[in-house]
Amino acid sequence: MLCESYRETLNEAALSDEQLPAEVQAHLASCASCRESFSDEKALFGLLEAEVRMRINAEMPASLLPRVRHEIAALAAARTWRVPVPAYIASGLAVGAIALSFAVRTKVSSVKPEPSAHNISLPAPNEPSVSQTGEGPLEMLVATSKRSHKQPQVALRAEPKVLVSAEEQVGLQRYTASLRSMAAERAANVEPEALLEIKHLEIAGVDLKGLSIDPLQSGDSD
Amino acid sequence: MCREWETLLGENAPLAFRVARGVLRNDADAEDVAQETLLRAYQRFERLRDRTRFRSWLVRISFRLALDRLRAVKRRQQREAQWVFENARTESGGATGSEFQYHLQRALDELPEKQRLVLLLAAMDGHTLEEVSVLLGVPLGTVKSRLFFAKRELAEKLRCFVNPIEKR
């Protein structure tokens with residue numbers, strides 16, 4: 001056991017392995033207990049250092065570098081194929097826009113055309129027009145007929161091209177043919193009289209009473 | 001980057017491994033940690049402005065990852081305790097008892113991280129205290145004081161296990 005007055009100095013000296021002051025050296029020479037304790041302390045620190053050195057100075061395994069190189073090569077390969085997130089978003093938006101435009105076109109083509117100018121009878125050339133200001137039925141008729149000329153084009157353009165296999169196309173053709181034949185059969189079965197039964201507009205007789213107009217008397221005028 | 005990286009990898013892979021080995025005291029775990037350290041260093045290499053700080057940077061990554069691994073290992077306390085005793089017998093080569101090894105490991109684990117890192121780096125072959133100071137970017141006096149307190153802490157905890165061993 002170290003003497004109390006030298007304990008701190010001897011402990012620090014054992015720890016740092018520094019040269020002891022002359023006074024402490026003289027004490028060690030005269031005190032067997034301190035000499036033994038100091039020796040134990042030095043042995044303890046030596047052992048600790050040896051243990052820590054043994055732990056940390058181990059040889060690196062030969063497999064480490066090849067493993068790291070392999071992983072780095074794999075990383076580099078993965079990086080080549082990696083697509084950044086914004087690219088995913090952009091492509092998703094593009095696909096969405098295409099799908100949306102496709103859906104809108106399909107809807108437009110499925111809308112039935114309005115009663116067109118074909119159903120409106122043109123006025124006779126000698127009939128006076130109601131208005132010449134551009135608001136009259138003639139202008140409307142021209143505008144409608146212009147629009148009606150475009151309609152088939154719209155319908156044609158809006159017809160979607162669907163990728164269908166050859167087998168499915170044959171099936172579809174058969175199906176449409178059967179539908180057409182069914183429609184033709186139904187049209188043939190309808191009685192023509194039923195179609196022609198149109199009643200004319202009848203106007204009931206109006207009882208108009210004769211108006212009696214009395215002549216103005218003098219002094220009644222305003 | 002490739003050539004520079006390859007040079008740095010060859011020079012510093014042992015450092016990454018040894019730091020991890022000092023914390024984990026197990027070759028297999030240390031190798032895994034060293035591999036992860038080097039991969040992380042590779043991935044972030046472009047961000048390192050001062051390439052002369054590469055070693056210091058690597059030491060910190062390795063030390064941090066090794067501590068994380070150690071904490072994960074500690075969760076499996078039962079397995080860990082058994083492994084320590086078995087491993088200590090094989091590592092010590094009969095020079096010291098397994099009990100001492102076990103308590104040394106516990107004492108090392110309980111050291112503050114800064115002191116532990118200085119202790120490990122100072123014990124590494126070829127590292128002077130000046131080099132440790134440069135490596136960690138702290139003054140030499142700080143390195144010395146951390147080393148002193150680390151050793152004193154270890155000695156306090158292990159003194160009672162040394163004398164019985166020597167008497168055997």
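**The side of chain B that touches chain A**

Mentor: In this predicted model, 32 residues of chain B are in contact with 24 residues of chain A. On the chain B side, at least two residues each come from H1, helix H2 (27-43), helix H6 (113-123) and helix H8 (140-167). The most is given by H8(B), which supplies 10 residues to the side that touches chain A. By kind, the residues of this side of chain B comprise 18 nonpolar, four polar and 10 charged.

One of these contributors, H1(B), also packs within its own chain. H1 (residues 2-24) of chain B lies against helix H3 (residues 54-75) of chain B at an angle of about 35°, and their axes are 9 Å apart. The crossing of H1(B) past H3(B) is right-handed. From H1(B), the residues making this contact include B:Leu8, B:Asn12, B:Leu15 and B:Ala16; from H3(B), they include B:Phe54, B:Arg55, B:Leu58 and B:Phe63. Taken by kind, the residues of the contact of H1(B) with H3(B) are 14 nonpolar, two polar and two charged.

In chain A, helix H7 (residues 166-189) may be considered as well. Its 24 residues, at 1.5 Å a residue, should span 34 Å, and the end C-alpha atoms of H7(A) are 35 Å apart, which agrees. H7(A) is hardly covered, for the count of buried residues among its 24 residues is zero.

Terms used. Residues numbered from 1 in each chain as written. Chains lettered and ligands numbered in written order. Predicted model: local features only at pLDDT ≥ 70, side-chain atom pairs only at ≥ 80, totals over all residues. Axes fitted to C-alpha atoms, helices over the stretch in contact; angles between N-to-C directions. Helix = DSSP H or I, 4+ residues; strand = E, 2+ residues; numbered from the N terminus. Left-handed = near helix turned anticlockwise from the far one by under 90°. Contact = placed C-beta atoms within 7 Å. Nonpolar A, V, L, I, M, F, W, Y, C, P; charged D, E, K, R; others polar. Expected span 1.5 Å × (residues − 1). Buried ≥ 20, exposed ≤ 12 C-beta atoms within 10 Å, placed from the backbone.
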